[in-house]
Amino acid sequence: MDAHGGAGKALIYLDYQATTPLAPEAFDAMVPWLRDHYGNPHSAHRLGRAAAAQVEVAREEIGALLPSGGRLVFTSGATEALSIAIQGAPPGRIVTIATEHAAVLDTVEAMRRQGRDVTILPVDGDGLVDLGTAADHIVAGVSIVVAMLVNNEIGVIQPVDDLAHMAHRAGALFLCDAVQGYGRVPLSDACDMIAISAHKIHGPKGIGALWLRDGVSPAPLIHGGGQEGGLRSGTLSPALCAGFGVAARLMRERAEQDRAHVEELAALARALFADWTLNGSATQRYPGNLNVRRDGLDGARLLSYCRNVAFSLGSACASGSGRPSHVLRALGLTDAQARGAVRIGFGRYTSRDDVERAAEALNEAAAAQAVP
């Protein structure tokens, strides 16, 4: 049966922005810490010290892809990391961007309900923030500026270095959501805080981290045993840390190989979807994220029809809401245009054949929808 049937060919996975396949090396690194080495890394005995040593090895591997002069705090994921950074920042206005992930926008909205002043910067039709507009709002009285490096829905790369310098001139901290960019796109040395997630880089789900520049210390949200320097209490999982560490090491060691592979697939995908309209900047973007639309298309019907192709209509965190993507609406798209968009994400374990077969299935299904 073909790519839109219920059986036959194997599933084609093209949803790398939602999550990435676990690297076999990361799995192998985790197994002993799940099966054999069960010590609590916060215990003082030999088993505990061995587990703690493994945690620190992972912390060092992850930190190798981050700026120098800071510390890494393990969290349950990037959502928690972002919440710690935003809610733990000093009092003052919060400035962020309309196309941020819900983990930022919903947290900021919660802070607004508590009385904080909030500014949400608009983006242009390419999904990029206007630096002049940003400069008008990032002024004295702002305590934190939050921006995503690589947008999770449309792959657009924001000018985070410029935004970080604006924040510093205003006496504010700069928080970078680097979930989609960590290990793939250079990080600005001007960041004060950086949130990352393991399962976006072929690591395990359930663990992320917040990098803090030396001297930056947000207030903790979780209190308890004082782990992670008192910022994030709770027992760490050596297995999850080990998997995260190995995944980060592979991102560093395979950086050039992965980059070339993704760029090759991106060129192929752009050609195969030439009849579709690209959402977001064609140049300021991460190539492994292709968000395209066709007028009159119902993306939900397309997703249902192409059951053997795993792709997305937007953020996995909001895909079940039934609402048009807030990111696409921020670009100026109508509800109908936004509902006709699909996101195709690929990476290390995607083959050319995967992209070609998926494009054939999606183009065939889209053409079928266009028939009266």
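Me: In this predicted model, where is the place of Glu228?
Reply: Let's go looking along the chain. Helix H7 covers residues 238-253, and the stretch we want sits between strand E8 and that helix.

Me: Is Glu228 buried or exposed?
Reply: Buried means under 20% relative accessible area. Glu228 comes out at 10% relative accessibility, so Glu228 counts as buried.

Me: And His223, is that one buried or exposed?
Reply: His223 is also found in the loop between E8 and H7. The cut-off for exposed is over 50%. With a relative accessible area of 64%, His223 is therefore exposed.

Me: How many Å apart in space are His223 and Val342?
Reply: Along the sequence, 119 residues separate His223 from Val342. Going from C-alpha to C-alpha, the distance in space is 41 Å.

Me: Which loop holds His202, and what is its phi?
Reply: His202 lies in the loop between strand E7 (193-197) and strand E8 (208-213). At 2% relative accessibility, His202 counts as buried. Although His202 is not a glycine, its phi is positive, at about 75°.

Me: How many disulfides does the structure hold, then?
Reply: Cys176 is buried, at 0% relative accessibility, and Cys191 is buried at 0% too. Seen from Cys191, the closest cysteine sulfur is in Cys176, too far for a bond. The number of disulfides in the structure is zero.

Me: Are H8 and H12 roughly parallel or roughly antiparallel?
Reply: Helix H8 spans residues 255-272 and helix H12 spans residues 352-370, with their axes 10 Å apart. They pack at an angle of about 20°. Angles under 35 degrees count as roughly parallel, so H8 and H12 are roughly parallel.

Me: What classes of residue make the contact of H8 with H12?
Reply: H8 brings Glu264, Leu265, Leu268, Ala269 and Leu272, while H12 brings Arg352, Val355, Glu356, Ala359 and Asn363. Sorted by class, they divide into six nonpolar, one polar and three charged.

Me: At what angle do H3 and H4 cross?
Reply: Helix H3 takes in residues 78-87 and helix H4 residues 102-113. Their axes come within 10 Å, and the crossing is right-handed. The angle is roughly 35°.

Me: How many charged residues are in the contact of H3 with H4?
Reply: The H3 side has Thr79, Leu82, Ser83, Ile86 and Gln87, and the H4 side has Ala103, Val104, Thr107, Val108 and Met111. Six of these are nonpolar and four are polar. As for charged residues, there are none: no charged residues.

How values were computed:
Residues numbered from 1 in each chain as written. Predicted model: local features only at pLDDT ≥ 70, side-chain atom pairs only at ≥ 80, totals over all residues. Heavy atoms only, no water. Axes fitted to C-alpha atoms, helices over the stretch in contact; angles between N-to-C directions. Helix = DSSP H or I, 4+ residues; strand = E, 2+ residues; numbered from the N terminus. Parallel < 35°, antiparallel > 145°, perpendicular 65-115°, else oblique. Contact = heavy atoms within 4.5 Å. Nonpolar A, V, L, I, M, F, W, Y, C, P; charged D, E, K, R; others polar. Disulfide = S-S within 2.5 Å. Buried < 20%, exposed > 50% of the residue type's maximum accessible area, 1.4 Å probe, protein only. Left-handed = near helix turned anticlockwise from the far one by under 90°.
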